[in-house]
Amino acid sequence: MENGKVIVVSGGAKNIGKGIALHFLRNGWLVGIIDFDKKALDELDEDKNLLKFYGDVSDEYSVSDFYLHVKERFGRLDAIINNAAIGGFKNFLDLTVTEWKRVIDINLTGYFLMARFGVPLILETARTGAIVNISSTRALMSEPGNEAYSASKAGILGLTHALANSLGPNIRVNAICPGWILHESETVSEADHKQHLTGRAGNIEDVVQLVNFLVDESKSGFITGQYFIVDGGMTKKMIYI
């Protein structure tokens with residue numbers, strides 16, 4: 001048990017974020033979730049160690065209010081997991097400026113805001129801690145029509161090493177670039193699995209375990225400013241069609 005350590009997870013009501021939040025909850029942490037999907041939030045079981053907050057990570061007032069609730073409920077903060085994101089895949093010539101800005105606002109500015117308003121609480125209470133930013137292999141490689149998403153995810157990598165410089169030595173900041181991670185109850189064909197060098201697509205637990213490692217000072221205390229690819233080897237696979 002972690003004796004009252006506190007972690008917050010943005011976009012923590014479903015899929016990867018939910019897996020991360022429930023993992024830390026099971027292991028004795030106090031967990032705060034901010035999510036814009038109210039239905040998914042409401043479906044999470046009530047728990048005295050879980051704070052569920054309906055909010056928009058791209059809105060500074062919403063994020064600030066979230067941390068006020070975290071401080072009031074739990075009294076401290078030890079770790080921030082930035083995970084909230086939207087896709088926004090669309091033909092480039094049809095992509096509007098409004099659509100572009102919405103993806104950037106949530107996927108990148110949201111990470112900035114979660115850090116900007118959360119870091120003072122870490123420094124005030126726990127004094128040391130960790131931030132883990134969930135990026136994507138699309139920060140490193142692309143398909144047609146993912147300009148906004150790829151740009152936002154690449155921006156997260158820049159934000160990660162910048163924050164690592166600004167916040168060290170008190171707070172370590174790292175990123176994870178997941179590849180094809182199956183969502184809750186998602187299934188794919190055998191061919192989809194076999195195209196991975198590992199023989200299978202990823203699952204939520206693959207990401208959860210790396211998050212757990214990066215948050216644990218005793219295991220990853222000398223690691224900061226880095227990104228880690230979790231993709232079954234796909235970014236190392238040469239493909240010609």
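Buried, in this report, means under 20% relative accessible area, with exposed being over 50% and partly exposed in between (1.4 Å probe, protein chains only). Take Gly129: at 14% relative accessibility, Gly129 counts as buried. Gly129 sits in strand β5, where strands (E, at least two residues) and helices (H or I, at least four) are DSSP runs numbered from the N terminus. From Gly129 to Asp206 is 77 residues in sequence and 22 Å in space, C-alpha to C-alpha.

A word on ground rules. This is a predicted model, so local features need pLDDT of at least 70 and side-chain atom pairs count only at pLDDT 80 or more, while totals for chains, interfaces and linings use all residues. Residues are numbered from 1 along each chain as its sequence is written, and side-chain values use heavy atoms, with hydrogens and water left out.

**Overall build**

The chain has eight helices and nine strands. Its radius of gyration is 17 Å, close to the 18 Å that the globule rule gives for 241 residues, so the chain is as compact as a globular protein of that length. (That radius is taken over C-alpha atoms, and the rule is 2.2 Å times the number of residues to the power 0.38.) The C-alpha trace spans about 55 × 40 × 40 Å along its principal axes, and 48% of the 241 residues count as buried.

**Pockets**

A pocket here is an open set of points on a 1 Å grid over the protein atoms alone, where a 1.4 Å probe fits and protein lies on both sides within 12 Å along at least five of seven lines; lining residues have an atom within 4 Å of a point. Grid points are joined across faces, edges and corners, and a volume is the space filled by probe spheres set on the points.

The largest pocket comes in at about 1,200 Å³. Its lining runs to 41 residues, with Ser136, Arg138, Tyr149, Gly179 and His183 nearest the centre. Helix or strand, who contributes? α1 (15–26), β2 (30–35), α4 (97–124) and α5 (147–167) each supply at least two lining residues, and α1 gives the most, with three. By type, that lining splits into 17 nonpolar, 14 polar and ten charged; Ala, Val, Leu, Ile, Met, Phe, Trp, Tyr, Cys and Pro count as nonpolar, Asp, Glu, Lys and Arg as charged, and the others, Gly among them, as polar.

The second largest pocket has a volume of about 320 Å³. It is lined by 20 residues, and Lys5, Trp29, Val215, Asp216 and Glu217 are the closest to its centre. This lining holds six nonpolar, six polar and eight charged residues.

**Aromatic contacts**

The whole structure has five aromatic pairs, counted when ring centres of Phe, Tyr or Trp (its six-membered ring) lie within 6.5 Å; planes under 30 degrees apart are stacked, over 60 edge-to-face and the rest tilted. Two of them go like this:

| Pair | Centre to centre | Plane angle | Type |
|---|---|---|---|
| Phe24 and Trp29 | 5.1 Å | 80° | edge-to-face |
| Phe53 and Phe66 | 5.5 Å | 55° | tilted |

Phe53 lies in strand β3 (residues 50–54) and Phe66 in helix α3 (residues 60–74), so their pair ties together parts that are 13 residues apart in sequence. Phe53 is buried at 10% relative accessible area, and Phe66 is buried too, at 0%. Ring pairs link Phe53, Phe66 and Tyr67 into a cluster.
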